[in-house]
Amino acid sequence: MIEATGLTKHYGRTVAVDDLSFTVESGRVTGFLGPNGAGKSTTMRMILGLDRPTGGRVLINGKHYHDLHRPLRTVGALLDAKWVHPNRSAKAHLQWLAKSNNIPNKRVDEVLELVGLTQVAKRRAGGFSLGMSQRLGIAGTLLGDPQVLLFDEPVNGLDPEGILWIRQFMHRLADQGRTVFVSSHLLSEMAQTAQDLIVIGKGKLIAQTSTAQFIKDATEDTVKVRSPQLDRLRQLLTAEAAKVADGTADNALIVHGVEAAHIGELAARHDITLHELSPQLGSLEEAFMQLTRESVEYHSHD
Amino acid sequence: MTLLAVERIKLFTTRSPWWCMVLALGLTIGITAIIAANWSDSPMPVLGAVFTHTFGLYVIMVMAALAVTTEYRFGTIKSTFQAVPDRISPMVAKAVVVTVLAGLVGLASAFGSWGISMLLADDTSQLALNSGNDWRHVAGVGLVYAAGAVLALGIGALVRQTAGAVSIILVFALVLESVVGFIPNIGDDIQKWMPFTVVTKFIFGDPDPSAIPDGAGPPTVGELSPWGSFAYFAGIALAIYIISLVVVKRRDA
């Protein structure tokens, strides 16, 4: 279990993480979701004791990371798959990591087998593709057979096959009862991977909830209406306390918070001709962007 | 002991330490071979066999700096601190491994140079190691390389970049210490306290008068005795190394 309480990190005058409190439960895959620059990596570095929090604290199984005895046996973390010396072989990389926490050397061969890198164990890690580097990184996290696993954007830049492999691997880890905490900026990815979600934006907590609940709350169904008497319809709908926005097409309205059937009946009662009345299902990505719009650090300007 | 093994694996599973060691030994022993083969008219003194030790010193300091800076360059320092979060013990283990290796390379370089001089010089009557001073001229190179490695490790950990650390070491040792002597009035006084200038006195200073005519040896400067000169250099190296440990402990990795 990972518990953050009032976690805060300032870099000079920039606030990277702002009074963040959350709990990551054992035995589940918890997604850590937020746009780029939201403070996900900084938070993960603070969990691992690599960065010193400006305020607050984060505990793993009730302990600070630096108080863990042989921490690789409790926490396996992959923050960046490229954190490997390019001229060192995959095997040598794992050997020094294993040695540092008194993990027997035969475990190195086991984890290489587990991620399917046995064939290339003697090759220099600098020549690995991104997918192979990710596998090597994951092998490193598994060395100490830890109960808690952290992954920072593990599918970034991977091909579909690699993404599928990582997703299945994480499910397997969670099925074994481990705590898996995985960050991503893609809600669609998290929807297929995580059971719980911690959503942050600009370093602040936006939501901590189950993935299903988050998607239900975040996606709002809308109705698209086209009519030659659009202004009249708009007045009526506004009077009904519906939220109305102009659609992208001519003579179209996007209506929030009112069902399509109700709009049809309303139009019939007032003799308004409708050319189109179609319910729109909210997309996950749109919903996520809606939620985090205020908290995206770098906007693109149209 | 475990962490010493970790740092040993790290050091020897990359290529740059091997290249640096080969280069250090090749430069020192190779150039000494040329000097020894061309030494004529007088017996070759012990000092002549270790003229070249400074070349190897710079290479070994680069090797030591690389041992730290490549860890920052490739992010393995973060994996290291993840594995051993107190940070100090892996840095000390690295220093022990690198310093011992530097000392061994220094001994190999000095005795290798001395040995090749014995083989190639015409008159080796003064080359035998007969006194404490003779032994200091040769075996002292091991100590100088070891202390130089400690200094370079400290600089590497403070700067965290290969280019920066190597530039600082080479510019300081090869340029700044000479240029500072040109400052009017106070230049000489500053120069005789510059660490690389002082430490050459440990190797070259106070030769046996029987071996070398008075004032004929390489110039040495400084107020300190040869061993005092070494203590001064080692003290500066250790101070910078300890500062780097404090910084590494406090800084975000």
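Predicted model: local features only at pLDDT ≥ 70, side-chain atom pairs only at ≥ 80, totals over all residues.

Trainee: Thanks! Which domains is chain A divided into?

Mentor: Chain A has domain 1 (2-217) and domain 2 (221-281), with bounds from an automatic or database domain assignment. The C-alpha centres of these domains of chain A are 46 Å apart.

Trainee: Okay, sheets now. What is the strand order in the open sheet of 4 strands in chain A?

Mentor: The order is β11-β12-β10-β13 in chain A, and the pairing is antiparallel. Strands (E, at least two residues) and helices (H or I, at least four) are DSSP runs, numbered from the N terminus. Two strands pair if DSSP finds at least two bridges between them.

Trainee: And which strands are at the edge?

Mentor: Those are β11 (243-246) and β13 (276-280) of chain A, each pairing on one side only. On average, neighbouring strands of this sheet are turned by 25 degrees against each other, with direction ignored.

Trainee: How many bridges join β10 to β12 in chain A?

Mentor: There are 5 bridges between β10 (residues 222-226) and β12 (residues 252-256) of chain A, and the two run antiparallel.

Trainee: Which strands does helix α8 of chain A lie across?

Mentor: Helix α8 (residues 230-239) of chain A lies across β10, β11 and β12 of chain A, at about 10 degrees to β12(A). Contact here needs C-beta atoms, placed from the backbone, within 7 Å. Angles run from 0 to 180 degrees between N-to-C directions, and axes are lines fitted to C-alpha atoms, for helices over the stretch in contact. Helix α9 (residues 260-269) of chain A also packs on the sheet; it touches β10, β12 and β13 of chain A and makes about 160 degrees with the direction of β13(A).

Trainee: What is the order in the open sheet of 3 strands?

Mentor: In chain A that order is β2-β1-β4, again with antiparallel pairing. β2 (14-24) and β4 (55-60) of chain A each have a single partner strand, so one side of each has no neighbour in the sheet. The twist from one strand to the next averages 20 degrees. Strand β1 (residues 2-11) of chain A pairs with β2(A) over 7 bridges, and A:Ile2 has A:Val24 as its bridge partner in β2(A). Across β1, β2 and β4 of chain A lies helix α1 (residues 40-47) of chain A, at about 115 degrees to β1(A).

Trainee: Switching to chain B: at what angle do α1 and α6 cross?

Mentor: Helix α1 (residues 2-12) and helix α6 (residues 88-120) of chain B cross at roughly 60 degrees, with axes that come within 8 Å. That is why α1(B) counts as oblique to α6(B): under 35 degrees is roughly parallel, over 145 roughly antiparallel, 65 to 115 roughly perpendicular, and the rest oblique.

Trainee: At what angle do α4 and α7 of chain B cross?

Mentor: Helix α4 (residues 53-73) and helix α7 (residues 132-159) of chain B cross at roughly 35 degrees, and their axes come within 8 Å. The contact of α4(B) with α7(B) has 16 nonpolar, 5 polar and no charged residues.

Trainee: Last one: how many residues of chain B are in contact with chain A?

Mentor: 23 residues of chain B are in contact with 28 residues of chain A. On the chain B side, α1 and α5 (76-83) each supply at least two residues. That side of chain B has 10 nonpolar, 8 polar and 5 charged residues.

Technical notes:
Residues numbered from 1 in each chain as written. Chains lettered and ligands numbered in written order. Contact = placed C-beta atoms within 7 Å. Nonpolar A, V, L, I, M, F, W, Y, C, P; charged D, E, K, R; others polar.
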